[in-house]
Amino acid sequence: MVEAGGNGSSAPPPATPYEKALAALSSLITKRSRADKSNKGDRFDLLFDYLKILELEEPIAQMKIIHVAGTKGKGSTCTFTESILRHCGFRTGLFTSPHLIDVRERFRLDGVDINEERFLAYFWWCFERLEEKATDDIPMPTYFRFLALLAFKIFAEEQVDVAILEVGLGGRFDATNVVQAPVVCGISSLGYDHMEILGNTLGAIAGEKAGIFKSRVPALTVPQPDEAMRVLEEKASRLDVPLQLVRPLDPNMLNGLKLGLEGEHQFVNAGLAIALSSTWLQRTGHLEYPEHSTSLPEQYIKGLTAKVSLQGRAQIVPDRFINSESPEDLVFYLDGAHSPESMEICARWFSHSVQPPGTSRSSHDWVQRHPIETVRKNSEQILLFNCMSVRDPQLLLPNLMKTCASHGVYFKKALFVPNTSVNHKVGSHSLPPTDSQVDLSWQFALQKVWENLMMCNKGTVREELTDDKEIAVKSCENSAVFPSLPSAIQWLRDSVRQSKSVRFQQVLVTGSLHLVGDVLRFIKK
């Protein structure tokens, strides 16, 4: 088939119904802050107008909702909670953010992403009705708010027994906070993140998160820094909210089994998930669960230890497309940590995962299939990093480097790349600028921070890798900036193929969930 113009070039394939929906969704993306009250299209009170238009007021009032905010671990907590209640026999709806590859990841029914057919039906029902009623005073909702409204529509129509909602950003002005009467609320670990919106102190951040508290509705939280805990307690007292502190899960209660999500920090999230599930069951009249039980019900253990999907969090993916002796010669360790506290947790997980059995706890079967001495002598660790410019690399990179070093893990090279995905489109069809158009000034700034850190730790620097000067834009002794993710991954693959001394290359990808999603798309396509 050639174009009518007769120039011989192939016509682009017509957009699929799904691509048309993603294009419509992309039209709702703005660069304005979701929490900016001066933005007319983002006024929180508009959400109640949208609920009326979509006839969702009564369905939401009838929904049995678990609402979870926090800085770290809220996605994991929601995932564990969903799995526990699903294994107890309930039909579950789970709304999380962000997605890494496909927007349908945000909407799960009974633990599975909503299928394309149902997504399209609910999407267009909501989009067309809102578009038809849009005025200057009630414009189309912005991107995340539309997704939250879509989640409510999906869960109402699918008649879920329980809807578990992860807050997108903050809490007080988050789109999920249109919920007026949840069954129970949860606050996962708090820390410094999104400070340009939520405030520069832990107290201010905690105050925004506590915005999901509702009068007399039980709230649960994990151990917090004193400043944050004081604010949570004050907010709870003001609303007559019974606030309960939940301790981490004792690993012995799993009867020798392992949690479905990797990392020691997951015992904190699992403890909160157990308490949320128990409170929900008690308040909905389904089950009485003793507060200080020394054992867990079988359904809870199954829910906590089942293999659950949470892409980009402590995820290990071998590169299957490398033409080498073994596809597992190049392995990506993916974690979207992007705050100082989560960076430290990520570093501990990575260090434990790459250490051979006997030197550190590791559940990674790839490590267990290779002789200890072989892994010790023939592996090297590489960092693939990017973060948003609103984040401070002086807080992120030192935490990462120091924590890894304390576990005997030292990065041979750090690679800095821009994100591949563009921020104004949804879907794999969104193409980034060509290499020559990319502004790499932020990547050079990250590289400078890393090189300065390495200069302060000269004793930990090992021999330099061979660089391909034509691929890297700027290469220093301990780092390199690449104009694109594909060029960086190509360099990694070439390094494995050409190296005679290194058998295993272990690449930690972190700093940005967007980067993690880009890597997943690239190595899985």
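Me: At roughly what angle do the axes of helix 15 and helix 16 cross?
Reply: In this predicted model, helix 15 covers residues 393-406 and helix 16 covers residues 441-455. Their axes come within 10 Å, and the crossing angle is roughly 45 degrees.

Me: Are helix 15 and helix 16 parallel, perpendicular or oblique to each other?
Reply: The axes of helix 15 and helix 16 cross at roughly 45 degrees. Angles under 35 degrees count as roughly parallel, and 65 to 115 as roughly perpendicular. The crossing is right-handed, and the two helices are therefore oblique.

Me: Is the crossing of helix 17 and helix 18 left-handed or right-handed?
Reply: Helix 17 (residues 485-498) and helix 18 (residues 513-524) have axes that come within 11 Å and cross at roughly 60 degrees. The pair is therefore oblique. The hand of the crossing is right-handed.

Me: How many charged residues are in the contact of helix 17 with helix 18?
Reply: Helix 17 brings Leu-485, Pro-486, Ile-489 and Arg-493, which meet Leu-515, Asp-518, Val-519, Phe-522 and Ile-523 of helix 18. Sorted by class, the contact has seven nonpolar residues, no polar ones, and charged residues numbering two.

Me: Is Asp-518 buried or exposed?
Reply: Asp-518 is in helix 18, and its relative accessibility is 3%. The cut-off for buried is under 20%. Asp-518 therefore counts as buried.

Me: Why does Thr-201 count as partly exposed?
Reply: Thr-201 is in the loop between helix 7 (195-198) and helix 8 (202-209). Partly exposed covers the range between the buried limit of 20% and the exposed limit of 50%. Thr-201 falls in that range because its relative accessibility is 37%.

Me: The backbone nitrogen of which residue lies 3.0 Å from a polar atom of the Thr-201 side chain?
Reply: Leaving aside neighbours within four places in sequence, Thr-201 is in contact with Tyr-192 and Glu-227. Ala-228 is 27 residues away in sequence, at a C-alpha to C-alpha distance of 8.8 Å. The backbone nitrogen at 3.0 Å from the side chain belongs to Ala-204.

Note on methods
Residues numbered from 1 in each chain as written. Predicted model: local features only at pLDDT ≥ 70, side-chain atom pairs only at ≥ 80, totals over all residues. Heavy atoms only, no water. Helix = DSSP H or I, 4+ residues; strand = E, 2+ residues; numbered from the N terminus. Buried < 20%, exposed > 50% of the residue type's maximum accessible area, 1.4 Å probe, protein only. Contact = heavy atoms within 4.5 Å. Polar contact = N/O pair within 3.5 Å; in protein donor to acceptor, adjacent residues only side chain to side chain. Axes fitted to C-alpha atoms, helices over the stretch in contact; angles between N-to-C directions. Parallel < 35°, antiparallel > 145°, perpendicular 65-115°, else oblique. Left-handed = near helix turned anticlockwise from the far one by under 90°. Nonpolar A, V, L, I, M, F, W, Y, C, P; charged D, E, K, R; others polar.
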